[in-house]
Amino acid sequence: MSMLGEVSDITRGGVGFMMRSLTAESPVRDQRRRWERKRGRTARELLETEREYVDDLELITKLYDEVFRVRCGSLILAQEGICGTIPSLVKVNRSLLMSLERDMAPSGFQAFSQYLHLYRKHADCIDATRHAVQTQVKKKKSFARFMKLQESRPEFRGRTLEQLLELPLQRVMRYRHYLMDLVENTFPDRPDSAHLNGALQAVCHVCDHIENMQQLQENDQQLRRVQKLLKGRRTRILSPGRRFIREGWLSLVPPSGEEVKHRMLFLFSDILLVTAPCHPLHPFNAEKFCCRAVYPLVECQVEKVLGHTQGQGGLISLSFKREKLLFMSSNQQDMNGWYGSLVMAVRKLHTDRCTRTDAPQKGQRTMTELQNVPAARALKRHHVRDDRSVRKQHGENMEQNLEH
């Protein structure tokens, strides 16, 4: 009976150990299954959208690029094309589509990442392409008819060429989303995990570049818009490195107790533009603004006078070298927004100036270089003396040879 008891105890212990191991492995197995399901859904969606995207690229190349080069080949624009790098992207994305259809997304994206410079180039030239197309539409009636005919084709579903040119930029942003999902739902020990991570990193670099280009283009459009709103050309808004931050109405409180004046403010990264509306009955400038003053933010000190507590409205003080301004608003949320924007703009401007001041300028020497100057000069003098002694010795030898 003791032997049977021991055998039964051993059997129960082995079964218990197996049950505990199975219980411990079940959450890991469930997690792997969830990852596989999510990965499968992402792969299917990626494949379906990639087919639609390649079809659009082929239509653009066929109905815009190829037809334009045949019909309008005499134009200078025909040499550069009106579709950016889309004709080159067709071949690249066809290869990627074939890899996705064979369920080889990691290797397909690894090869695809070598041609991402085409997307970067497309983002760099898309603004110039738009401008060239708009210019030709105004100059050439034949080109305008060609554009109208092509845009009316049912294959494009009412999308203009400008909208179609945005497709590659929108698609590469989607690639980042799909690759992030694939990386998150791929086991790290799989051999294709490294390919996906490398492709994701390359796509992220291109997406960052595209986003920066879009921000610069939007900022340039805002600067040009504000420039058109101003009366005359005396105030120049377009300046390299200048960023548009915000605009809005505030009330200027005069220091002499006069009536409060409504002013339209335009805040940029380096200046504050204070304007007043032109006369509403003016024949040309009724909807424009007259510049009253331009204040450099590098001299600005911002202080909130009223509006610290919850209430209606607020008052902020802007101090410059030669003038002090008081602006008020009945909307406290708007006033808090202006206060925060002004503080951030002034702080960033001072930070950038300090960074440029600390960095060694062109032609300036660092402390290490200045410390090494005496040693370098001494070494140079030593070489000069050695060179002179060698020449002197060589001359004496020549004289002795001539005497003999």
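Visitor: At what angle do the axes of helix α3 and helix α5 cross?

Guide: Happy to start there, and do keep in mind that this is a predicted model. Two packed helices are described by the angle between their axes and the distance between the axes. Helix α3 covers residues 86–101 and helix α5 covers residues 117–139. Their axes come within 10 Å, and the crossing angle is roughly 155°.

Visitor: Are α3 and α5 roughly parallel or roughly antiparallel?

Guide: Angles over 145 degrees count as roughly antiparallel. The axes of α3 and α5 cross at roughly 155°. The two helices are therefore roughly antiparallel.

Visitor: Is the crossing of α3 and α5 left-handed or right-handed?

Guide: The angle of roughly 155° belongs to this pair of axes, and the crossing also has a hand. For α3 and α5 it is left-handed.

Visitor: How many residues in the contact of α3 with α5 are nonpolar, polar and charged?

Guide: Let's look at who meets whom. From α3 come Ile86, Ser88, Leu89, Val92 and Asn93, and they meet Leu118, Tyr119 and His122 of α5. Sorted by type, these residues are five nonpolar, three polar and no charged.

Visitor: Where on helix α4 do its buried residues fall?

Guide: Helix α4 runs over residues 105–112, and its buried residues are Ala105, Pro106, Gly108, Phe109 and Phe112. Looking down the axis of α4, you would find them within an arc of 165°, so they line one face of the helix.

Visitor: Is glutamine 217 buried or exposed?

Guide: Glutamine 217 sits in helix α9, residues 193–229. Leaving aside neighbours within four places in sequence, glutamine 217 is in contact with Ala123, Ile126, Asp127 and Arg130. The cut-off for buried is under 20% relative accessible area. Because glutamine 217 has a relative accessible area of 19%, it counts as buried.

Visitor: And what about lysine 304: buried or exposed?

Guide: You will find lysine 304 in strand β5, residues 301–306. Setting aside neighbours within four places in sequence, lysine 304 is in contact with Leu315, Ile316, Asn336 and Tyr339. Its relative accessibility is 17%, so lysine 304 counts as buried.

Visitor: What separates the C-alpha atoms of lysine 304 and methionine 335?

Guide: Along the chain, lysine 304 and methionine 335 are 31 residues apart.

Visitor: How many of the residues of the protein count as buried?

Guide: Stepping back, the protein has eleven helices and seven strands. Of its 404 residues, the share that counts as buried is 34%.

Methods:
Residues are numbered from 1 along each chain as its sequence is written. This is a predicted model: local features need pLDDT of at least 70, side-chain atom pairs count only at pLDDT 80 or more; totals for chains, interfaces and linings use all residues. Side-chain values use heavy atoms; hydrogens and water are left out. Buried means under 20% relative accessible area, exposed over 50%, partly exposed in between (1.4 Å probe, protein chains only). Helices (H or I, at least four residues) and strands (E, at least two) are DSSP runs, numbered from the N terminus. The arc is that of the directions from the helix axis to the C-beta atoms. Contact means heavy atoms within 4.5 Å. Axes are lines fitted to C-alpha atoms, for helices over the stretch in contact, and angles run from 0 to 180 degrees between N-to-C directions. Angles under 35 degrees count as roughly parallel, over 145 as roughly antiparallel, 65 to 115 as roughly perpendicular and the rest as oblique. A crossing is left-handed if the near helix is turned anticlockwise from the far one by less than a right angle, and right-handed if clockwise. Ala, Val, Leu, Ile, Met, Phe, Trp, Tyr, Cys and Pro count as nonpolar, Asp, Glu, Lys and Arg as charged, and the others, Gly among them, as polar.
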